[in-house]
Amino acid sequence: REATIACIGPTTAATARALKLDRPWMAAPLLLASPVLFLLSSETMTEPLFALAFATALRLHFEGRLTAALAVASLLPTLRPEGFFLCAVWALYDRRPRSLLLAVGTAVWVISAWILSGDPLYLWHHWPWSTGHRQPFSALAILRYPLVLPLIAGPFLVPFVVLGALSSWRERWRLPLILVGTSLILYTALNALGLFDAGGRSRLIAPVAPALALFALRGWRGKLSLPICALSFAFAFGAVDLSPTNRDWRAFRATI
């Protein structure tokens, strides 16, 4: 898990370099200033691994290695359910025969499960479609993820993320903006409809944190980079220590 987190930062920085952003190295600290992603660095969850694959696919895409980017992106459905939706949206964005590569990861996954289990519908039969706990519909749930954006991107970085996203609607930047929007819409809908118990959790947007870091770097303004980064890291550390879901402090206290 530590190796995964350690690789996401340099990969995001390489993407910023491919996009010819100023100070591309700053993409790494901006990424790790995300409180949710920082919290997950001590967990064995799937979000950091998804974020690494997502960052790698974006890097390959913006470096011009489009076939390799699609091949890596095809692995996203094997890591988290939203990978299916992101691959579908990516295929619509690409609209070329090569976009069929986005189905390779899922095909290999299905065939491998079939060979190992003997059940051609193994994934269908064992997929956690529902937790069995549904919440009533709430219109306020539509605002869930915009309200928790400070926990996803960092409270001191939100203005830069928003500014960078708004200024990124151009051919070269359109893809990450569309993919982030897809994740936000998907989980907002799940949360509003109460389809899954985990539908409102902030960590579900952590997989697209590399794109948010790129938006923050794109929208960066002013000369207060060091104080803002210091405040962001301080908040991330504090959020991790105060989080009731963090197991590290419990293990530490148990040894005292």
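The legends below describe close-up views of a predicted model.

Residue numbers start at 1 along each chain as its sequence is written, and side-chain values use heavy atoms, without hydrogens or water. Local features need pLDDT of at least 70 and side-chain atom pairs count only at pLDDT 80 or more, while totals for chains, interfaces and linings use all residues.

**View 1. Confidence along the protein.** The mean pLDDT (the predictor's confidence in each residue, from 0 to 100) is 82 for the protein, with 81% of residues at 70 or more. Helix α5 (residues 66-73) has the highest confidence, at a mean of 95, and helix α16 (residues 248-254) the lowest, at 54. Helices are DSSP runs of H or I with at least four residues, numbered from the N terminus.

View 2. Of the 16 residues in α4, 13 are buried (under 20% relative accessible area with a 1.4 Å probe and protein chains only; exposed is over 50%, partly exposed in between). Gly 64, which follows α4, has a positive phi near 90°.

**View 3. Two non-glycine residues with positive phi.** Lys 20 has a phi of about 60° and lies in the loop between α1 (2-18) and α2 (27-32). Arg 23, with phi near 50°, lies in the loop between α1 and α2. Lys 20 is exposed, at 70% relative accessible area; Arg 23 is partly exposed, at 37%.

**View 4. The aromatic pair of Trp 173 and Phe 215.** The structure holds 2 aromatic pairs. One of them, Trp 173 with Phe 215, is tilted, with 6.1 Å between centres and 35° between planes. Trp 173 sits in the loop between α12 (158-166) and α13 (174-193), and Phe 215 in helix α14 (residues 209-218), 42 residues apart. Both Trp 173 and Phe 215 are buried. Rings of Phe, Tyr and Trp (its six-membered ring) pair if their centres lie within 6.5 Å; planes under 30 degrees apart count as stacked, over 60 as edge-to-face and the rest as tilted.

**View 5. A nonpolar surface patch.** Leu 151, Phe 156, Leu 231 and Phe 235 make up a nonpolar patch with about 320 Å² of accessible area together. Areas come from the Shrake-Rupley method with a 1.4 Å probe. Patch residues have over 30% relative accessible area and no salt bridge, and nonpolar side chains (Val, Leu, Ile, Met, Phe, Trp, Tyr) are joined within 5 Å. A salt bridge is a side-chain nitrogen of Lys or Arg within 4 Å of a carboxyl oxygen of Asp or Glu. Leu 151, in helix α11 (residues 149-153), is partly exposed at 35% relative accessibility.

Conventions: Patch = residues over 30% accessible without salt bridge, like charges linked within 9 Å, V, L, I, M, F, W, Y side chains within 5 Å.
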